Amino acid sequence: MNIKLRDPNIIMKLSRLGSFHQSKLSFLRSFLNEFKDWDYNRDLFDLNKKGYGTAVYSFKKKNRVYSLICFANKINDHERSDRVIATKWDAAFTLHDGIPKKKDIERLRNEVPKQEVGRLSYKELTLSRANKSVRIFEHVVQSLSNGVQPNLNLLDKVGYLYRTTAVYGSGKFGLADRFRIKNREEINGPFRLEMMLVYLVRQFTFDQVNHVAKNRNPKKAIKLDPHICKNLGIGNSTGLGMAPFIVNHPTLLNNWIFCRETALKKIRELKKVDKKDSNLFKNCVRNSIKNITSWNTDSEYQLQKINLLLHDVRKFLTFLEKKFDFQKDYPFNELYLWLEKETCDECIEYIVSIMLEPFDEIVQPLVKKMSSDEEKYFNIPTDRTTKDLLSIIEKKYSNILTINFKKKENQKKFWFISKNKEEPRFADRFEEQGSELEQPLAIARDIKKLHEKLLSLRKSLTINEFLIDNSDLRHVIRRAFIVEKFPYSEIQDNTIGENTIPIDMLRLKLSFFGALKFDPKSDKWLRICMFQGAPLPNELKNFDDQWVYKS
Amino acid sequence: MKSLSEIETTSKRASKAIGFSWGVSEEVAKGIRLLELFGLPGIKNLNQYYKLINKKKFDNLSVINKNNKSNKSALCPINLGISFLDQIKKLESFKKITFSNIAYPILFIPFLSRSSEIIGKKILFKFDKNFFLFNFDVNIFSNLSKKKFPLIAKKIEISILDNKDSFTEREWKNLYKLSENTFVEETESLKKSAAGAGLTDND
């Protein structure tokens with residue numbers, strides 16, 4: 001049986017992308033798999049009684065060492081903010097390439113806590129900062145120092161001790177450019193070093209909380225139970241900074257989605273499924289219910305999605321356990337078709353992710369295909385014709401061409417970069433100033449404009465002839481030739497409409513990171529949790545690959 | 001030290017701010033990244049050029065011919081570069097192309113380097129007493145060692161070089177003969193047993 005890849009016109013809609021969930025392809029899971037046989041070490045832990053100071057953690061294999069350098073600082077409660085405009089954080093981190101010398105640590109002590117206004121060097125790979133969850137951190141310190149474990153109900157509500165508010169890499173603020181390290185086998189996957197940083201930060205938070213508790217009451221204090229540690233992750237507050245990334249990296253976006261779609265296609269094409277695999281799938285679906293019921297949010301929008309998801313996953317589970325026979329031919333195809341007919345987008349994508357769980361032989365080769373050599377596709381094939389271009393646009397952007405951009409509601413918003421923080425923002429074109437400095441992220445509108453221009457031509461021209469008078473459309477001409485080769489490289493939706501929900505774009509990227517428990521705080525920012533349930537560093541050599549569904 | 005990623009992002013934004021379209025700004029940014037990667041003063045010259053661009057008039061040349069003359073003003077290296085890159089498949093047949101007066105010729109260089117990769121041929125860029133040889137966007141060879149780059153190229157000649165050997169047939173044969181010393185002389189027995197294909201082609 002030959003199953004077709006799913007239609008980009010459906011999958012690449014913002015509401016669908018905003019329903020994606022973590023899977024075996026997610027970067028934090030592939031990071032754990034890649035680094036599980038590396039040697040983990042805490043090289044330095046020089047904190048004062050209050051928990052302020054410096055710590056270094058590392059992963060080592062043969063001659064390669066990656067070191068996380070942590071700087072924990074005192075800040076006042078009123079200075080603590082998750083917003084990108086903050087200038088002070090409870091802790092700041094950088095991942096250093098190699099073993100840092102004293103001189104490096106001194107240099108970084110001056111720069112890392114400054115974050116965006118500090119300067120890093122090519123020896124540093126990623127940069128981040130994090131704030132304590134004040135209500136949780138203090139409760140845990142107090143409990144441990146009194147010799148008791150913290151209240152699990154309270155911990156469940158939050159899920160972490162610290163929240164990162166940005167993780168930077170790839171050349172930002174002087175960090176090493178990706179090209180310097182791209183040939184290293186262990187980081188042949190997107191965002192692997194960012195994942196390493198977050199993972200090691202998680203361990204730092206446990207060590208710090210134990211250290212502070214011990215110093216508060218040396219005689220009575222106990223350590224945080226490793227089982228509790230395991231069920232804590234690292235939080236993250238994410239704003240619009242992530243959104244332009246998926247528009248600005250079309251071939252990378254394609255490769256992420258294409259790998260997921262290819263895995264689904266191959267699984268649907270399996271004629272027979274072993275009992276061991278079908279049981280593993282069923283167990284994951286069953287266990288995953290806890291992930292949904294422990295998913296807390298105040299967002300009405302997300303609550304509705306969670307309730308619908310829970311309802312539909314339960315309905316699916318009943319069908320799976322009471323009516324479905326895995327002995328049938330092509331069982332996963334049948335399940336998928338049932339999901340499409342009977343459940344919501346959020347549930348379809350949730351179960352699609354779980355379908356990948358039993359099939360390492362399908363998923364692992366795809367993990368290696370999720371990066372992209374973007375430069376290779378940058379040149380515009382200017383010897384091709386406007387007739388070719390018109391045909392590509394009509395074939396690849398058919399839904400987008402139906403949007404009427406003369407209507408105010410379809411172009412109500414615009415994307416811009418804030419002068420204060422050099423961060424992306426999203427505002428009302430008709431009520432706010434600055435739309436003349438709009439970023440080139442309204443791809444649907446510009447493709448439509450290009451289409452109209454092409455239709456008005458009297459004869460077919462070569463692209464180089466067309467470009468002479470249409471330089472303003474050059475950026476979308478480039479994209480159209482990319483989408484011709486990469487079907488999932490483009491969001492097939494309007495990114496500037498009145499009803500556009502920017503967090504759908506963030507959710508897509510975060511699901512590929514492996515984030516859980518999306519908690520929107522508005523349509524422009526959300527909180528998430530990473531590595532909740534993940535093995536601790538001392539468990540890495542032998543861990544359960546389905547830990548996500550057992551937290 | 002600035003990373004290449006920072007260099008590319010800032011060059012793109014500055015180019016848009018000066019009045020180029022986003023698409024052209026992306027091309028400029030890639031170019032400046034390339035220059036800096038090769039150790040050439042891209043940021044310095046782009047900065048100087050953008051200071052002048054709105055004060056002084058620069059000519060554009062949309063369609064490139066075999067021989068091209070600018071009017072009174074020097075040619076804009078960015079618009080000329082974009083035209084050259086876009087038309088390279090057509091220009092390939094000219095073999096030799098001449099121009100006069102290109103402002104800030106260093107900013108024209110990345111477009112020639114990328115053009116060399118697109119057509120898979122080396123491109124020789126000569127102006128005044130200077131030359132640059134572009135090898136498929138992999139490297140750039142030049143006789144210009146001065147840190148200060150000329151602000152204008154007056155008489156320019158660009159040659160599209162046919163791929164040909166840089167050595168004589170005799171030199172090749174000598175080296176080939178030496179390489180034969182790694183081969184094993186085949187005996188009758190080896191002829192029968194060591195080859196992958198069958199012994200008859202007519203079975």
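In this predicted model, B:Thr98 lies across from B:Glu157, a residue of strand 5 of chain B. The two strands behind this pairing are strand 1 and strand 5 of chain B, which run antiparallel and are joined by seven bridges. Strand 5 of chain B, residues 152–161, also pairs with strand 2 of chain B, residues 122–127; six bridges join them, and again the direction is antiparallel. Two facing pairs can be picked out along strand 5: B:Lys122 is opposite B:Leu161, and B:Ile123 is opposite B:Ile160.

These pairings belong to an open sheet of five strands in chain B, with the order 1-5-2-3-4 and antiparallel pairing. Its edges are strand 1 (96–103) and strand 4 (139–142), each of which pairs on one side only. On average, neighbouring strands of the sheet are turned by 20 degrees against each other, direction ignored. As a general point, strands of a sheet pair through backbone hydrogen bonds, either parallel or antiparallel.

Two loop residues of chain B deserve a look for their backbone angles. Most residues other than glycine have a negative phi. B:Tyr104 is not a glycine, yet has a positive phi of about 40 degrees. The location of B:Tyr104 is the loop between strand 1 and helix 5 of chain B. Is B:Tyr104 buried or exposed? With 25 other C-beta atoms within 10 Å, B:Tyr104 is buried, because the threshold for that class is 20 or more. The second residue is B:Phe136, also other than glycine, whose phi is positive and near 55 degrees. B:Phe136 sits in the loop between strand 3 (130–135) and strand 4 of chain B. Around B:Phe136 there are 15 other C-beta atoms within 10 Å, so this residue is partly exposed: the count lies between the limit of 12 or fewer for exposed and that of 20 or more for buried.

The next topic is where the chains meet. Contacts link 18 residues of chain B with 21 residues of chain A. On the chain B side, helix 1 (4–18), helix 2 (22–37), helix 4 (77–91) and helix 5 (109–119) each supply at least two residues. Which helix of chain B gives the most to this side? The answer is helix 2, with five residues. By class, the residues of chain B that touch chain A comprise five nonpolar, six polar and seven charged.

Chain A contains 21 helices and eleven strands. The radius of gyration of chain A is 24 Å, close to the 24 Å that the globule rule gives for 551 residues, so chain A is as compact as a globular protein of that length. Taken along the principal axes, the box filled by its C-alpha atoms is roughly 85 × 60 × 50 Å. Among the 551 residues of chain A, 46% count as buried. Of the contacts in chain A with a separation of 6 or more, 76% come from residues 24 or more positions apart.

A single residue gives a local view of such contacts. A:Gly233 is located in strand 7 of chain A, residues 233–238. A:Gly233 is buried, with 27 other C-beta atoms within 10 Å. Leaving aside residues up to four places away in sequence, A:Gly233 touches A:Gly159, A:Tyr160, A:Arg202, A:Cys529, A:Met530, A:Phe531 and A:Gln532. A:Leu161 is 72 residues from A:Gly233 in sequence, while their C-alpha atoms are 7.7 Å apart in space.

Helix 18 (residues 443–455) and helix 20 (residues 474–485) of chain A have axes that come within 9 Å and cross at roughly 95 degrees. Angles of 65 to 115 degrees count as roughly perpendicular, and helix 18 and helix 20 of chain A are therefore placed in that class. Where they meet, helix 18 of chain A contributes A:Ile443, A:Asp446, A:Ile447 and A:Leu450, and helix 20 of chain A contributes A:Val476, A:Ile477, A:Arg479 and A:Ala480. Sorted by class, this contact has six nonpolar, no polar and two charged residues.

How values were computed. Residues numbered from 1 in each chain as written. Chains lettered and ligands numbered in written order. Predicted model: local features only at pLDDT ≥ 70, side-chain atom pairs only at ≥ 80, totals over all residues. Helix = DSSP H or I, 4+ residues; strand = E, 2+ residues; numbered from the N terminus. Rg over C-alpha atoms; globule rule 2.2 N^0.38 Å. Contact = placed C-beta atoms within 7 Å. Pairing = 2+ DSSP bridges. Axes fitted to C-alpha atoms, helices over the stretch in contact; angles between N-to-C directions. Parallel < 35°, antiparallel > 145°, perpendicular 65-115°, else oblique. Nonpolar A, V, L, I, M, F, W, Y, C, P; charged D, E, K, R; others polar.
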